[in-house]
Each structure stands twice: as C-alpha cells, then as structure tokens.
Amino acid sequence: MEPKWKQDLEYIALVEDLLEFEEVKKLNDYTQHYFTTRLEHSISVSYISYGIAKKRGLNVRAIARAGLLHDLFYYDWRITKFEEGSHAYVHPRMACENAKKLTELSELECDIIIKHMWLATVALPKYKESYIVTFVDKYCAVKEVTVPLTDKMKTSVKNAWARLKPATA
C-alpha cells in the first residue's frame with residue numbers, strides 16, 4: 001500500500017525537488033529511531049507538520065520543506081560525539097548548513113530546522129511552524145519506537161497464549 005503522502009499532490013509539489021537530491025535520498029541509509037530510516041522519519045515529520053499547518057492556515061511550503069530537511073546529517077547519533085556540544089545541539093545546525101547547500105532557505109525554514117530540538121536544547125522557537133515541527137518530531141520519534149515494540153509484544157503474547165492452549169482431541 002502506497003503511503004498517504006505519495007498520494008497528496010499538493011504536498012508532493014512542495015517537496016519533490018528536495019526528494020530528488022542524492023543528499024536527501026542518502027538519509028535512507030541511516031537508522032533513525034531503531035525501526036525507521038532517517039528519510040522515513042523526516043518525511044513523516046514533514047507530512048504531519050504540513051497537514052497541521054494547512055488546517056491552521058500557516059506556511060505550508062516552509063513547514064513541509066524544513067520538516068523534510070530537519071535531520072539532514074550523516075552520522076549515527078548514538079555513536080558520534082562532538083566537542084561543540086550534544087547531538088541535540090549540533091545536528092540541527094549541521095542539518096541547516098547541509099540544507100543551505102541544496103536550496104535557498106528562508107528565515108522561517110532556518111528557525112524550524114535549528115529549533116526543532118527545543119526542550120532538549122534551550123533554543124526557543126520563534127514561529128508557530130517551528131513549534132509544530134518540534135512537537136511533531138517528538139511525536140514521530142515516540143511512535144517510531146513504540147508501535148513496532150508494541151506489535152512485537154502483542155505477537156509474543158499471542159504466541160505464548162497459543163502454546164498454553166490445551167490440544168484439542
């Protein structure tokens with residue numbers, strides 16, 4: 001079944017140029033939250049944020065594009081450490097610099113990307129769109145970890161119950 005975002009022509013029109021860049025496609029090579037790739041995560045954040053922005057009459061172009069580019073970095077965040085600060089501090093700035101190499105970014109788009117780690121950092125978002133991406137990013141991260149684990153647990157419980165059922169004659 002094709003993902004919903006691929007059927008949304010308005011959304012596709014906003015991000016299709018970005019999805020063609022090898023630098024964006026390369027995100028598919030990195031695991032993000034154990035069960036998803038960084039590209040899958042970025043598209044989820046982008047598309048859900050876009051939907052919220054559309055309902056609220058906010059800047060859908062900026063939120064869709066910045067949401068897609070918010071994690072545009074190429075290292076395993078569980079392993080790589082930086083002297084400049086934590087991953088929560090470093091990767092949004094790195095993502096913004098990487099995004100600027102691909103496309104022109106507005107002040108709003110830069111704020112969305114750089115401030116998406118608010119709550120893990122003290123960089124307070126300036127725009128409503130930045131808050132949306134911040135919270136959608138957290139929502140997606142939790143969902144990307146808990147849904148597969150819950151499904152796995154349900155399967156384990158179901159299999160355990162099946163083993164406990166008495167054999168029928």
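**Helix 5 against helix 7**

Author: In helix 5, Arg 61, Ala 62, Ile 63, Arg 65, Ala 66, Gly 67 and Leu 69 meet Leu 108, Glu 109, Ile 112 and Ile 113 of helix 7. Contact means heavy atoms within 4.5 Å. By class, this contact of helix 5 with helix 7 has 7 nonpolar, 1 polar and 3 charged residues. Ala, Val, Leu, Ile, Met, Phe, Trp, Tyr, Cys and Pro count as nonpolar, Asp, Glu, Lys and Arg as charged, and the others, Gly among them, as polar. The model is predicted: local features need pLDDT of at least 70, side-chain atom pairs count only at pLDDT 80 or more, and totals for chains, interfaces and linings use all residues. Residues are numbered from 1 along each chain as its sequence is written, and side-chain values use heavy atoms, with hydrogens and water left out.

Reader: At what angle do the axes of helix 5 and helix 7 cross?
Author: Roughly 40 degrees, and the axes of helix 5 (residues 60-69) and helix 7 (residues 107-115) come within 9 Å. Axes are lines fitted to C-alpha atoms, for helices over the stretch in contact, and angles run from 0 to 180 degrees between N-to-C directions.

Reader: What caps the N-terminal end of helix 5?
Author: Asn 59 does, with a side-chain oxygen 3.3 Å from the backbone nitrogen of Arg 61.

Reader: Zooming out, how many helices and strands are in the chain?
Author: The chain has 8 helices and 0 strands. Helices (H or I, at least four residues) and strands (E, at least two) are DSSP runs, numbered from the N terminus. Of the 169 residues in the chain, 44% are buried. The C-alpha atoms fill a box of roughly 70 × 40 × 30 Å, taken along the principal axes.

Reader: Back to helix 7. Is Asp 111 buried or exposed?
Author: Asp 111 is buried, because its relative accessible area is 8%. Asp 111 is found in helix 7.

Reader: And which side chain makes a polar contact with the side chain of Asp 111?
Author: That of Ser 130, at 2.6 Å. A polar contact is a pair of N or O atoms within 3.5 Å; within protein, one must be able to donate a hydrogen and the other to accept it, and residues adjacent in sequence count only if both atoms are side-chain atoms.

Reader: Where is Thr 134 found?
Author: In helix 8 (residues 128-164). Thr 134 counts as buried because its relative accessibility is 0%. The backbone oxygen of Ser 130 lies 2.8 Å from a polar atom of the Thr 134 side chain. The Thr 134 side chain also reaches the backbone oxygen of Lys 115 at 3.3 Å.

Reader: What else does Thr 134 touch?
Author: Not counting residues up to four places away in sequence, Thr 134 touches His 116, Trp 118 and Pro 125, along with Lys 115.

Reader: Last one. Where is the place of Lys 115?
Author: Lys 115 is in helix 7. Lys 115 is buried, with a relative accessible area of 17%.

Conventions. Buried means under 20% relative accessible area, exposed over 50%, partly exposed in between (1.4 Å probe, protein chains only).
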